[in-house]
Amino acid sequence: MKSPRSRLSVSRAPRDNAPRTAAKPAAPRHASPRKPELAPADRKLLLLNKPYMVLCQFTDEAGRETLKDYIKEPGIYAAGRLDRDSEGLLLLTNDGKLQARLTQPGEKTPKTYWVQVEGIPSEEKLAALRAGVELNDGMTLPAGARIMDEPAVWPRNPPIRERKEIPTSWLEIKIIEGRNRQVRRMTAHIGHPTLRLIRYAIGDWTLDGLAPGESRALPAPELAPSSSRSPRPSSSRSGAHTAKPAKPAGDAPRRASQPRRDERPRSTHPTERSTSSPTGGKTRSSGRGTARRPARAGNPNSNDKES
């Protein structure tokens, strides 16, 4: 006869003597110290005319040209970005508040671009840019768009690719967004690819008087203080609230005369009910909830039943 096989229970609790791994205590989180706010005299703002094919950063492992080749000021960073194949105005500052004001989408800082495109856009296509076009990341906000005369700018090295059978034109486009390669995608959407893109202005700052690679230091603008929230009116001020009207004195005796709900007489059993007799007004118990009474002793033929 085969011995019964032992069955393995998957719901069996672990043994008390089994080794248990102690939970590692969570590492304490150390809050990073907040940088002290710069004094107005220590704030710096630089305007740079970024040349073509210069990375908008200070380091590059591939050895390409970066801002380090043109900016020697320590502790200063770019406020916003400009594509490597784009030229023009770039702001640099050491003030984090100014950098946030210039780059955050909610601030809606206008930026003006001079754009050389293939062909000559019609007024209908320019109107589409002014109303907003559908890109792969959503609709663009309304933009300024017009045909402008060819600006007196420096020649690009290398020059743009031109076709004899296709003319080129210059557009002035103003946007308040900062999506990735947004202006190039907008002109391509209306059928006029961008050949050269120069950012001329950011807000009221322009690249007038700056040759490619040149920078100019300006006094950093005074930032408007953040609007403090107005305090809510306190209810403890004199006259801020009125006293509640006094309740009539007649209510107290009337309430005292009425018995409380928990003071009203209750039946000795929750299921007992008293019904009035139609003849004598006497009350009789329905007996539906009374306890079972034992049979009378010495009367085995009693007819008492559990009611």
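The side chains of Asp137 and Arg179 form a salt bridge, with N and O atoms 2.9 Å apart; the term denotes a side-chain nitrogen of Lys or Arg within 4 Å of a carboxyl oxygen of Asp or Glu. Asp137 lies in the loop between β5 (134–135) and β6 (138–139), and Arg179 in the loop between β8 (168–175) and α3 (182–189), so the pair ties together parts that are 42 residues apart in sequence. Helices (H or I, at least four residues) and strands (E, at least two) are DSSP runs, numbered from the N terminus.

This is a predicted model, in which local features need pLDDT of at least 70 and side-chain atom pairs count only at pLDDT 80 or more, while totals for chains, interfaces and linings use all residues. Residues are numbered from 1 along each chain as its sequence is written, and side-chain values use heavy atoms, with hydrogens and water left out.

## Further salt bridges

Asp137 also meets Arg185 in a salt bridge (3.0 Å, N to O). This pair links distant parts of the chain, since Arg185 belongs to helix α3 and the two residues are 48 apart. Asp137 is partly exposed, with a relative accessible area of 41%, and Arg185 is partly exposed at 22% (buried means under 20% relative accessible area, exposed over 50%, partly exposed in between, with a 1.4 Å probe and protein chains only).

The whole structure contains 14 salt bridges. One of them joins Arg64 to Asp60, with the closest N and O atoms 3.0 Å apart.

## The nonpolar cores

Which residues touch the most other members of the largest nonpolar core? They are Leu91 and Trp205, in a core of 19 residues. A nonpolar core is a set of buried Ala, Val, Leu, Ile, Met, Phe, Trp, Tyr and Cys residues joined through side-chain atoms within 4.5 Å. Two or more residues come from each of β1 (44–50), β3 (87–93), α1 (96–103) and β9 (194–202), and β9 gives the most, with 4 residues.

Leaving aside neighbours within four places in sequence, Leu91 is in contact (heavy atoms within 4.5 Å) with residues including Leu45, Tyr77, Leu102, Ile202 and Trp205. A second, separate core of 16 residues includes Tyr113, Val117, Leu171 and Leu197.
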